[in-house]
Amino acid sequence: MTLVALILIFALMLLLRSPWLLPMANPQQSTSVALGFILIFAFLVGKRTAAVKLPQLTGFILAGIICGPFVLKFISASEVENLQLLDGLALSLIALTAGGEMHLERLKHRFRALSAVVIFQTLCVILGFLGFGLLVLPWFGWLGPSGFSQLLAFSLLLGTLATATSPSTTIAVITETRSEGKYTDLVLSGAVVKDFAVIGIFAFSLSFADALVTPGQGFSIGFLGVILQEVGISLALGVAIGVLIILYLRYVKGELSVFILGVAFFTYEISHSYGYHPLLICLLAGFIVQNYSAQGDRLIQALEKVATPVYVVFFAISGASLDLRALRQGWILALLCFAWRGVLTFAGTYFGARVSGEDVRFRRAGWSGYIAQAGVTLGMAIVVGETFPGWGEEFKALVLAVIALNQVIGPILLQKFLIKSGEAGRRVPERSWAMKRLPDEST
Amino acid sequence: MHAIYAFGLLILLAFLGSRLIRKGKRTFSPLTLIFHSGLVYILLGLYLGRRGLGVLSPQVLQGLYPVFSLGLGWVGFLFGFQLEYRYLKRFPRRYVWLSLSLFLTVTILTAAPLVWVFEQWFDDPRFFLHGMAGALGLLAGIHSPTLLNLVSSWMPKRGNYHYLARFLVSVGGFWGVVGMALLASFWHFPVIGQGILTKGFIMLGMSTLLPLLLGILFHHLTAKRVSESELLVYLLGMVFFVSGAGFYFNLLPLYVCMILGIVYSNLTRRHERIYPILLAAEKPLYIVLLILVGALWEFDLDLRIALLVLLLLGLRLAGHVFGAPFWGRLLKFPFRLPLAFGVSLMSAGGLGVAFAVSIKIAYPMALTDTFLSVALLGIILGEIISPWAIKVSLYRLGSRA
C-alpha cells in the first residue's frame, strides 16, 4: 500500500505542478501544498527505507533531496526558505528530547569514556585535516596559486568543521530505533558535547585563520569572553526554562502539547536573535526536567506526541536544502574528505575508547555513530564563506558537499551500529515515540 | 514583526485562549457565550493587525498563509468528518429536504436584493458585484451548531423542534460550502470572464476529485493498525496538501477539505481514534484562525457597510422565519413549524467566518474588503442576538413539542 500511495501522491503533485495547470495557479500560495506533499511523501519514503532496514530519517532526507530544488523541483528554493519557519521549532524539540534522554547517573559513570572519546576525536580530526589540506588540496588545484598561510587557514577550518556531529540526527535515529544503553549514551552525549566544543574551537580557528590570511591582522582572544558570556547566559536560560517546564507539568498540566510547542518556539527564536545557543538552552532545560524532577517521562511523552510531523518536515527540508550543485562540482574531493573524516573519526574513537578502557566493540564500531552532520556545520560554513570572500566560497561549497554525504550516510551507519550493539529496541514501547514501526506495518 | 515571532505569539494566544474557553464557567449571557464561541478573538486580531498595533502586518500575514491554510482546512475537514452517512440516515428524509430548501430560500432571498443594492452603490464591474452578492447570499444560508449546543444545555426540555434545529444547523453549512465551491469554480479568480464554463468544470472537477482521491488514499493508509503519531502525520499532510492545493489554484479550501473529511469519515472505522486528535487541535487552531482573520480584516465602517450589515441580517432573518414554516408545510412535517422556529437558526459561527475569509483570500480585490466587513459584522451581530433568539424560540417551543 505504501508504494501505491507513494506513486499516487507523486503523480498528483506532478499533475498539480504541470505546465498545463500553471496558468490557473497562484505561485505565491504554493507553500502549503508543498508542505502537505513533503509531509506525506517523506513519511512514506521513510516507511519504505525502514522496510529495507534503513533509518526512516534517511528516507525523509532522500525524499527532500528528490523533491527539492536541485532534482524534481516540486519544492522550490523559496518554498524551502518559507518552510524554515519549522526549523527552529524542530531543533528545539529535538534538543529538549535529547536533554530529556540524558540521565545524570548514567552520564556520571561514562564521564571518563565520553571525555576521552571527544578529546581524541577532536584532536585526530583537526590534525588529520591539517595534514590532508596541506598534502592533498594542492593536488586538486584548489585555492589557485595561494600561499602556505591560506592553505593552512583553509585546512584548519576544514578540520574544525569536520569535528562536528549532528545531535538532531543522532537523537532522531536513537528514538526511531528505540535504543537505550551504554553505547547509545556515549554516542548521544558525545554528539552533544562535540557540538558545543566545536563552537568554541571554531571561534578560535576563525580568528587564527583571519590572522593568517589578513596582513597586519593579529590573533585575538577577545572572542573567548564573548563565547563565555553567551554560554553562561544560555545555561542560565536553560535552567530557567527547565524550572518553568517543571512548574507547568506539576501545577497546570493541561494543553501540554501546545505549551511545549510554545516554549520550544519562543526559546529558539528569542535566543537565536540575541546570539545565545537555543540548542544548549533546550538541552539543559530537558536535562533539568529529567534529572531534577519527577516529570521527565511526562515531558518525553508530550514531546513524542507533537514531534513526529515536525521531524518529518525538518529532515525532508534539510534534504531539500542540501546543495547538490556543490556536490556535483567537487564530488571527488568531497568524497575524499568524507572518507578521510571517517578514518579520522575511527582513529579518534579507537584511541579514546582504549585510553578510557571501553570494550573492543565500541573501539571498533563506535566511530560510526559520529558521522552525521547538519545545521551547525552548515551555519559555520556560511560564516567562513562570508568572512573570507573568494576562497571562503570555495570552502563553503566543499563543506556543503561533504555535509550532503555525511547526512545521507551518517544515519545509516548509526542505525547499523545501534542494531549491532544490541541496544536498538531496548526501550519500552511506552517511552518510544510514534516513528516506531508496528509489527504489521513493515511492508 | 517577523513572521516567526508572530507565529510564536499566535501559539501563546491559542494556548491561553483554549485554556480560558475550557475553564470558564458558563452562564447564560450573550456576551459570555460570544466569548465561548471564540469570536472575540477576531477583535483581538483586529487590534494586532494593520489597523491596530501593526504586529500582524500584511507582510507577516503573507508569511503565515500556511497557518491560514491549516486553520481553514482543519475547520473544513472537521465539518466534513461529522457528515457521516451512517449517522445522517437516522434522520427522516424530509429533514434533508427542509435543510436544502431553507438554504436555497435564504440564499436567493438575500442575494437577489443585494445584487440590486451592490449595483447601485458600487462601481466595480458587474460580474464582481454579482459574485459578491451571491457570496453574501450563500453566507446567509450557513449555520453553525456551536451556540445552539451551548444554549440548549440550559434547556429544561428538548423535543422535536430542538432536534430539527440541531439537524439544520449541523447540516446547513454543507449547502453553503458546496454553493460557494460552485461559485468559486465558475467565477474563478483571476480568470473571471474568460472560458467560464470550461475552466469552471475543470476547477470544480479538481476541487472534488483531488480530495476524493486523497480521502480514499488516507483511508487505505490508516486502515491497518497505525500509531497516533502516524495518524497525525497523515492527517496533517492530507489537510495541508488538499487545503494548500485549494490556495494554490484559488479553490475553496473549506470545500476541498470538507470533501476530504466526508470521504474519510464514510470510509474509515477509526472515528474513535481520529476524533481526539481533531478535537485536541481544534480549539488552538480555531483561535489562531480567528486572530488571523481579525488581522486580515481591513475594518472600515461607513454608512454603506452598516446598511449592508442590517440588510444582510434582516434578509437572513426573514428568510429563516418565513422559509421554515412554508417548507415545513409543503414537505408535510408531522409537527407545525411556527414563525418563531426560524429565529433559532441565526448563528453562522466559525464556519461562517471561515467561509468569509476564504472569499477574501480567493479574491484579492478592494470589493472583498467590503464583503469581509459586512460578513464579519453580520456574523458577530448574529452571534450576539442568537442566544436570545434561541431562548425565545426553542425554550418556548420546547414546552410544546
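Predicted model: local features only at pLDDT ≥ 70, side-chain atom pairs only at ≥ 80, totals over all residues.
Chain A is built from helices. The secondary structure comprises 19 helices and 0 strands. The radius of gyration of chain A is 22 Å, close to the 22 Å given by the globule rule for 443 residues, so chain A is as compact as a globular protein of that length. Along the principal axes, the C-alpha atoms of chain A fill a box of roughly 60 × 60 × 45 Å. Of the 443 residues in chain A, 56% are buried. Among contacts in chain A with a separation of 6 or more, 82% join residues 24 or more positions apart.

Helix H16 of chain A covers residues 331-355. At 1.5 Å a residue, its 25 residues should span 36 Å, and the end C-alpha atoms are 36 Å apart, which agrees. Several residues of H16(A) are buried, among them A:Ala334, A:Cys337, A:Phe338, A:Arg341, A:Leu344 and A:Thr345. The buried set also includes A:Phe346, A:Tyr350 and A:Ala353. An α-helix has 3.6 residues a turn, so residues three or four places apart point the same way. The cover over the buried residues of H16(A) includes helices H7 (111-136), H8 (148-163), H15 (324-329), H17 (360-365) and H19 (391-420) of chain A. Just after H16(A), A:Gly357 adopts a positive phi of about 80°.

Helices H12 (residues 256-273) and H13 (residues 278-291) of chain A pack against each other. Their axes lie 9 Å apart, at an angle of about 145°. The crossing of H12(A) past H13(A) is right-handed. On the H12(A) side, A:Ala264, A:Thr267, A:Tyr268, A:Ser271 and A:His272 take part. They meet A:Pro278, A:Ile281 and A:Cys282 of H13(A). By class, this contact has 5 nonpolar, 3 polar and no charged residues.

Most residues other than glycine have a negative phi. A:Arg178 is not a glycine, yet has a positive phi of about 55°. This residue sits in the loop between helix H9 (167-177) and helix H10 (182-213) of chain A. A:Arg178 has 21 C-beta neighbours inside 10 Å, and therefore counts as buried. In chain B, B:Lys332 likewise is not a glycine and has a positive phi of about 55°. B:Lys332 lies in the loop between helix H15 (303-330) and helix H16 (339-343) of chain B. With 7 other C-beta atoms within 10 Å, B:Lys332 is exposed.

Methods. Residues numbered from 1 in each chain as written. Chains lettered and ligands numbered in written order. Helix = DSSP H or I, 4+ residues; strand = E, 2+ residues; numbered from the N terminus. Rg over C-alpha atoms; globule rule 2.2 N^0.38 Å. Buried ≥ 20, exposed ≤ 12 C-beta atoms within 10 Å, placed from the backbone. Contact = placed C-beta atoms within 7 Å. Expected span 1.5 Å × (residues − 1). Axes fitted to C-alpha atoms, helices over the stretch in contact; angles between N-to-C directions. Left-handed = near helix turned anticlockwise from the far one by under 90°. Nonpolar A, V, L, I, M, F, W, Y, C, P; charged D, E, K, R; others polar.
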